[in-house]
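Have the sequence and the 3D view open as you read.

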Amino acid sequence: MKRMPFGVIARVDIWSARGAVFGAVAAMMLSGAVAWAAESAPAPMVLTGADRRPAISLDGEWAAIVDPYFSGLFSFHHEEKKNGWFVNRKAQPGDAFPTEYDFSTASKLKVPGDWNTQRPALLYYEGPIWYERDFTYQPKEHTRVFLHVGAANYKSWFWVNGQKVCEHEGGFTSFNCEVTAAVHAGNNFVVAAVDNTRHADGVPTLETDWWNYGGLTRSVSLIEVPETFIEQYDVHLSSTEDGVIEGWAMVDGPVNGATVEVEIPELGAKTSANLSEGGLAAIQIEVKGLKRWSPETPKLYKVILRAGLDTIEDEIGFRTVETRGTEILLNGKPIFLRGISIHAEVPYRTGRANTDQDAETLLGWAKELGCNFVRLAHYPHDETMLRAADRMGLLVWSENPVYWAVQFDNPKVLDKAEQQLEEEIGTSRNHAAIILWSMANETPNTEARTRFIEAEAERARQLDATRLITAALLVRAEGDTKIVDDPLGKTLDVIGFNEYIGWYEGHPESADTTQWRVEYQKPLIVSEFGGGAKAGLHGGENERWTEEYQANIYRHQMEMLNRIPQLRGMSPWILMDFRSPNRQLTGIQDGFNRKGLISEQGKKKLAYYILQKAYKEKTVGKPE
Ligand code: GCU
């Protein structure tokens with residue numbers, strides 16, 4: 001059978017036979033897969049725990065050719081070339097035509113890494129760049145090979161030995177292209193074309209307040225799996241039955257009566273379940289003496305999954321999260337989320353974060369601030385970040401990049417948003433740290449927008465019923481009263497809202513006289529507030545851009561926010577100054593959004609200590 005994502009046809013009847021646990025997931029997968037296949041080349045697969053598999057790393061220096069007019073793929077009449085640069089041709093003596101590219105003499109770009117911070121000439125570059133890398137490989141019997149791409153911003157095409165293996169749209173989620181049929185013994189080469197051009201029908205769309213870093217921004221590797229292997233799995237603590245771990249596993253490839261086995265050695269727990277013909281199995285294990293995961297005790301357990309010849313080992317924490325009225329309950333107890341917003345941008349060298357070290361630096365600062373929570377904005381962050389959050393005990397808000405005004409009335413755009421959601425949740429579903437899936441940020445209050453995000457939220461709930469759904473809403477005002485009544489609030493479990501009192505409107509003291517009217521009896525998170533300051537610039541607390549002004553905003557915000565009864569968390573904007581094309585005030589911004597509590601060179605501003613004190617002394621938010 002032709003390989004359709006998730007082998008659509010066969011599974012339908014298996015699904016209906018298997019009851020509620022999976023039903024919803026089937027519906028989601030069906031519609032997403034069909035949309036993808038219709039639009040373009042072979043669809044990559046979403047694999048859970050791909051970063052836990054032994055891999056042949058392809059990281060390092062890749063040959064790179066900048067191709068602003070994409071002439072490596074399209075002819076002068078814009079037809080897709082049959083012999084484009086993906087064939088990696090070498091000019092031959094006596095050729096009757098010129099070969100106008102040569103990866104062997106091309107300069108290099110590092111992978112993983114955005115290209116913008118690797119060469120000054122590429123800082124503002126938006127367009128296609130070709131990457132090529134040679135590798136040796138020895139095919140093995142009964143073994144399939146996938147090209148695992150951590151992320152490629154924004155559109156990307158991949159060929160192995162000149163054979164197209166997949167294409168992808170979306171800059172912040174990982175995907176896996178099967179290359180089993182394309183690789184051969186000995187020398188091989190992979191060619192990628194990555195194009196970070198922004199598109200009106202993109203997700204995100206044309207406008208963002210972050211740098212449009214292009215390239216193979218996260219690790220790339222080859223992973224080998226048996227013919228039948230574990231494609232996705234979900235292992236979590238039941239929120240209804242105490243001491244029960246449940247979930248499911250889905251394999252790809254012939255089942256032949258195989259079973260799935262799940263073992264948690266430290267708990268002496270083991271179970272196995274029959275795989276359906278469609279490759280699905282429900283998991284349920286009773287466990288004793290489980291230590292629940294929490295920010296104070298981020299306990300992770302080794303979990304081993306086996307199916308046929310395949311084994312995957314993961315490190316998973318077990319906790320429950322739910323709401324009760326206006327409360328957020330972690331492991332059944334009310335919690336206040338003391339957080340900070342973070343972009344996937346690293347200090348000092350700047351550019352995209354993509355290593356364990358980057359994650360530990362950024363999350364280390366958040367821990368030092370006294371945080372138990374981080375809002376990873378505005379797109380899914382790297383698995384390295386999520387694994388670090390699991391280890392360090394930081395709760396996570398993870399967001400799909402439906403940012404500002406995407407084309408809400410365009411069904412194709414909804415497909416793209418949902419495809420990115422499938423990849424985000426399919427890849428990261430077992431992180432105890434993640435408690436919130438955010439559907440969007442600062443979207444206009446229109447009917448088309450509300451319908452769009454309602455559909456997205458329904459998809460997210462089908463994919464994962466164990467987490468809370470949120471979004472960062474805009475608020476409106478009547479005089480000194482701020483009103484949280486966006487109709488989208490009805491769909492959300494937890495309501496996030498952004499406000500910039502003291503910066504985009506009013507003065508820091510304006511917060512003192514601001515009233516809040518919240519039309520929802522649900523937990524509220526102020527997902528953004530803050531103001532800009534140039535590190536090292538000092539002056540009066542009413543002088544904009546000084547550290548004193550930013551600190552003044554924070555002081556007044558804390559008092560105001562404590563007056564909102566439903567407030568259950570905050571993630572001020574933002575941990576660190578970050579590059580943004582919208583920020584061009586010379587001598588102050590110079591291409592950076594300066595709302596960080598820390599400069600991009602690691603210099604802490606006065607407001608950092610204001611927030612740290614409030615978090616350490618727990619003077620902000622409801623007592624837990
Ligand atoms: C918005 C937006 C952020 C942006 C911030 C700002 O609220 O969500 O992405 O960076 O405001 O203006 O600094």
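A polar contact here is a pair of N or O atoms within 3.5 Å; within protein, one must be able to donate a hydrogen and the other to accept it, and residues adjacent in sequence count only if both atoms are side-chain atoms. This is a predicted model, where local features need pLDDT of at least 70, side-chain atom pairs count only at pLDDT 80 or more, and totals for chains, interfaces and linings use all residues. Residues are numbered from 1 along each chain as its sequence is written, and side-chain values use heavy atoms, with hydrogens and water left out.

Q: How far is an oxygen atom of the ligand from an N or O atom in the side chain of Lys 595?
A: Arg 583 also has a side-chain N or O atom by a ligand oxygen, at 3.0 Å. For Tyr 504, a polar side-chain atom sits 2.5 Å from a ligand oxygen. For Lys 595, the distance is 2.7 Å.

Q: What share of the ligand's accessible area does the protein cover?
A: Areas come from the Shrake-Rupley method with a 1.4 Å probe; for residues, only the protein chains shown count as cover. On its own, the ligand has 310 Å² of accessible area, and the protein covers 97%.

Q: Is Thr 326 buried or exposed?
A: Thr 326 sits in the loop between β18 (321-324) and β19 (327-330). Strands are DSSP runs (E, at least two residues), numbered from the N terminus. Buried means under 20% relative accessible area, exposed over 50%, partly exposed in between (1.4 Å probe, protein chains only). At 16%, Thr 326 is therefore buried.

Definitions and conventions. Helices (H or I, at least four residues) and strands (E, at least two) are DSSP runs, numbered from the N terminus.
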